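Subject: Structure handover

Hello,

Here is the structure I promised to pass on. Please open it before you read my notes below.

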Amino acid sequence: MTGNHPLAAESETYELSVNGRREQVKAAWLGESLLAVLRERLGLPGAKNACEQGECGSCSVFVDGVLVCSCCVLAADAVDAEVTTVEGLADGDALTDVQQSFLDAGAVQCGFCTPGLVVAVHDLLDRNPDPGDLEVREAISGNLCRCTGYGRILAAVEAVRDQRGRRSRP
Amino acid sequence: MAPLEYLRPSDEGAAIALAEADGRACLLAGGTDVVGLLKDGVLAPSRLVDINALPIAGVEIRDGGLSIGALTRLSDVADHPAVRGRFPALAHAVLAAASPQLRNMATVGGSLLQRTRCGYFRDPVTPCNKRAPGTGCSAIDGEHRLHAILGGSDRCIAVHPSDPAVALLALDAVVRTRGSRKERAIPVDDLYLLPGSTPERETLLEHGELIVAVELPATSFAARSCYLKVRERASFEFALVSAAVALDVRGGVIRTARVALGGVAPRPWRARAAEAVLRGSRMTEATIAAAASAAVRDARPREQNAFKVELVRRVLTRVLATAGAGG
Ligand SMILES: Cc1cc2nc3c(=O)[nH]c(=O)nc-3n(C[C@H](O)[C@H](O)[C@H](O)COP(=O)(O)OP(=O)(O)OC[C@H]3O[C@@H](n4cnc5c(N)ncnc54)[C@H](O)[C@@H]3O)c2cc1C
Ligand code: FES
Ligand code: FES
């Protein structure tokens, strides 16, 4: 959004590109976070809202392929970017390997942290297909889970890592 | 919600002019601090000048040193081979900051200028001289376990939270800035003000002045530098105490030393007394102990944060031994 004209509160309309679709955001306050716009205006509740301060990672999404906390991104700043939320990871009703692995490993209890973790784990394994245990721990350190104690989450990540490793070997 | 103007200029001159023209304008970089403060009502700017479209991101090798564009994300700083190889304290400090998501967003300029994590500052209804000058400091008689033991005043004892700033201080980094009338090169050591009677003024920068880059000079001590951060859990937490040290050791004698502390003062803290002990000495256990004690000689802890004095000594003991090891 460029331009030097003052914009009054509650009156701005702009477009975001989310999961490959152009979405109109109407009459929005320009101080709104991307998380608020995704959830409240675009009906995409996958990114969760807990701390609103970057502390828990439950709002994790990709902006132009970069893993971020959507609660700390101003929606207006994402206007020229491609946003991918957890809703946009899978093809139709099929689950991604990471999602399936979370289910198989019992890594989901209340499920609140799960969408953010799934997004963060996709980010990790797409950049680094063979992370060591410490790398996995560091990669998900920005995602807090208050139920599982992380053991099953780590097991889920290892399972996908090993599965993808087997698939890529000749 | 107050009316808010959002502007995203694509050249530096326009960004500076837009910020200078409105006394309540705020620059927006990675947003990891600004967006939170905005939501909590701690900041109420009338205008946000989003600087993300400015061409000031990226790491360049220059005159043997590095120039890091102000918009370079912390994750890109940590990944850069020249940072890892030649300025290890900075790579360590950046990787010790925040979480992967936040490092992907946070910029070098924003890391230097982020505001304190003092809970009273971040709660818009309690007295706080930094947020609302003249209202008093709630921490002095309240919760101050995490607060300053060095450099505080009777008006404010909040600490500066940045890890990267501590490493940049130890590496003699210089901040390049631009305003509408002048450009400046400000050593990180000169950038920060102590709270004194005006804790609301944190740096030398003028309203609207843009940090364009942070420059790391080639020095004899950068290569042998490291950063150690102690926090209440192993990752994703602000420092209780941290230290960056950089040493030039030749023939077993320390020629030059830089010692900077984090988590203990209202600014990244240069421990000159510790540097003086190290300079000209051999790296023995006695030297390390003397330097570690010198660093906290002037400390003025309060009831709840006296533990930080001993913690500084131990952190310095360990980090000096690490940096000093190997010839
Ligand atoms: C949950 C959480 C945990 C964190 N943990 C840590 C930690 O452990 N260690 C640590 O060091 N940090 C930590 N941080 C802080 C984080 O590193 C900072 O918020 C971040 O570096 C700020 O950078 P930004 O680009 O997002 O700045 P913004 O939020 O965009 O801006 C911050 C300030 O800098 C100003 N500014 C930004 N760029 C410029 C420029 N180029 N010129 C002039 N002014 C500018 C802005 O106007 C604003 O005042 C944490 C943050 C969060 C939310
Ligand atoms: S809601 Fe964004 S990190 Fe917690
Ligand atoms: S499963 Fe409940 S927070 Fe993680």
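How many residues does the contact take from chain A and from chain B? Chain A gives 29 residues and chain B gives 27 residues. Bear in mind that this is a predicted model.

First, the side of chain A that touches chain B. The elements giving two or more residues to that side are β4 and α4 (133-139) of chain A. β4(A) gives the most, with 4 residues. By class, this side of chain A has 16 nonpolar, 10 polar and 3 charged residues.

Next, the core. The largest nonpolar core has 162 residues. Those that touch the most other members are A89(B), L90(B), A170(B), L171(B), A244(B), V245(B) and A295(B). β10(B) gives the most to this core, with 7 residues. Look at A89(B) in particular. Leaving out residues up to four places away in sequence, A89(B) touches A167(B), A170(B), L171(B), S225(B), C226(B), Y227(B), A244(B) and A246(B).

Last, two backbone points. D64(A) is not a glycine, yet its phi is positive, near 50°. D64(A) sits in the loop between β3 (60-63) and β4 (66-69) of chain A. D64(A) counts as exposed because it has 12 C-beta neighbours inside 10 Å, and the cut-off for exposed is 12 or fewer.

F236(B) also has a positive phi, near 55°, in a residue other than glycine. F236(B) is in the loop between β9 (225-230) and β10 (241-250) of chain B. With 19 C-beta neighbours inside 10 Å, F236(B) counts as partly exposed; buried would need 20 or more.

Best wishes

Note on methods:
Residues numbered from 1 in each chain as written. Chains lettered and ligands numbered in written order. Predicted model: local features only at pLDDT ≥ 70, side-chain atom pairs only at ≥ 80, totals over all residues. Core = buried A, V, L, I, M, F, W, Y, C linked by C-beta atoms within 7 Å. Contact = placed C-beta atoms within 7 Å. Nonpolar A, V, L, I, M, F, W, Y, C, P; charged D, E, K, R; others polar.
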